[in-house]
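Thanks for coming, everyone. Please take a look at the screen, and I will walk you through it.

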Amino acid sequence: MKVSHQAMRELLATVGPLTSREAAEFFPSSTHQNVAAVMSTMRKAARKQVYVCEWTRESDHGKTYLRAVYALGDRRDSPKPPRLTNAERCARRREKNAIPKVANSIWNWGVQP
């Protein structure tokens, strides 16, 4: 099934707000880049058909991406959130790579969290 403006309008009307990756799951022969391109043209058309209602961070293969959540209508787009600061990125990396605190020895039993 080819991704068209009409198909995208029907999908957003029945399901509700979606990211391009979520919308691509409804079209088996397309990728999220194809869906994102259709959404972009619908946003920039003479009569705006979709808008960005919010932004969300999604993890994909170990990386975090900022993705737009599209909704049907002609409202103003939600502003894009600022980039993560270096401190926030470092905190996420430390949290992801943290070694779990478990009792790995008889000497650590009393120190468990």
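Let me start with one term: buried means under 20% relative accessible area, exposed means over 50%, and partly exposed is in between, using a 1.4 Å probe and protein chains only. This is a predicted model, so local features need pLDDT of at least 70, side-chain atom pairs count only at pLDDT 80 or more, and totals for chains, interfaces and linings use all residues. Residues are numbered from 1 along each chain as its sequence is written, and side-chain values use heavy atoms, with hydrogens and water left out.

First, confidence. pLDDT is the predictor's confidence in each residue, from 0 to 100. The mean here is 81, and 86% of the residues reach 70 or more. Where pLDDT is low, predicted coordinates should not be read in detail.

Now the layout. The protein has four helices and three strands. Those are DSSP runs, numbered from the N terminus: helices are H or I with at least four residues, strands are E with at least two. From the N terminus, the order is α-β-α-α-β-β-α. Of the 113 residues, 25% count as buried.

Next, contacts, meaning heavy atoms within 4.5 Å. Take those with a separation of 6 or more: residues 24 or more positions apart account for 50% of them.

M39 sits in helix α3. Is M39 buried or exposed? M39 is buried, because its relative accessible area is 0%. Leaving out residues up to four places away in sequence, M39 touches M8, L12, A23, V50 and Y70. Y70 is 31 residues from M39 along the chain, yet their C-alpha atoms are separated by 7.8 Å.

Y70 comes back with S20. S20 lies in helix α2, residues 20-24. S20 is buried too, at 8% relative accessible area. With the neighbours up to four places away not counted, S20 touches H32, V35, A36, A68 and Y70. S20 and Y70 are 50 residues apart in sequence and 7.8 Å apart in space, C-alpha to C-alpha.

R67 has 11% relative accessibility, so it counts as buried. Which side chain makes a polar contact with the side chain of R67? That of E58, at 2.8 Å. A polar contact is a pair of N or O atoms within 3.5 Å; within protein, one must be able to donate a hydrogen and the other to accept it, and residues adjacent in sequence count only if both atoms are side-chain atoms. Beyond four places in sequence, R67 touches residues including T19, H32, W55, E58 and D60.

Last, the largest pocket. It holds about 540 Å³ of space. Of its 15 lining residues, K63, T64, L84, R89 and R92 are the closest to its centre. The elements giving two or more residues to the lining are β2 (50-60), β3 and α4 (86-97). A pocket, on a 1 Å grid over the protein atoms alone, is an open set of points where a 1.4 Å probe fits, with protein on both sides within 12 Å along at least five of seven lines; lining residues have an atom within 4 Å of a point.

Conventions:
Points joined across faces, edges and corners; volume = space filled by probe spheres on them.
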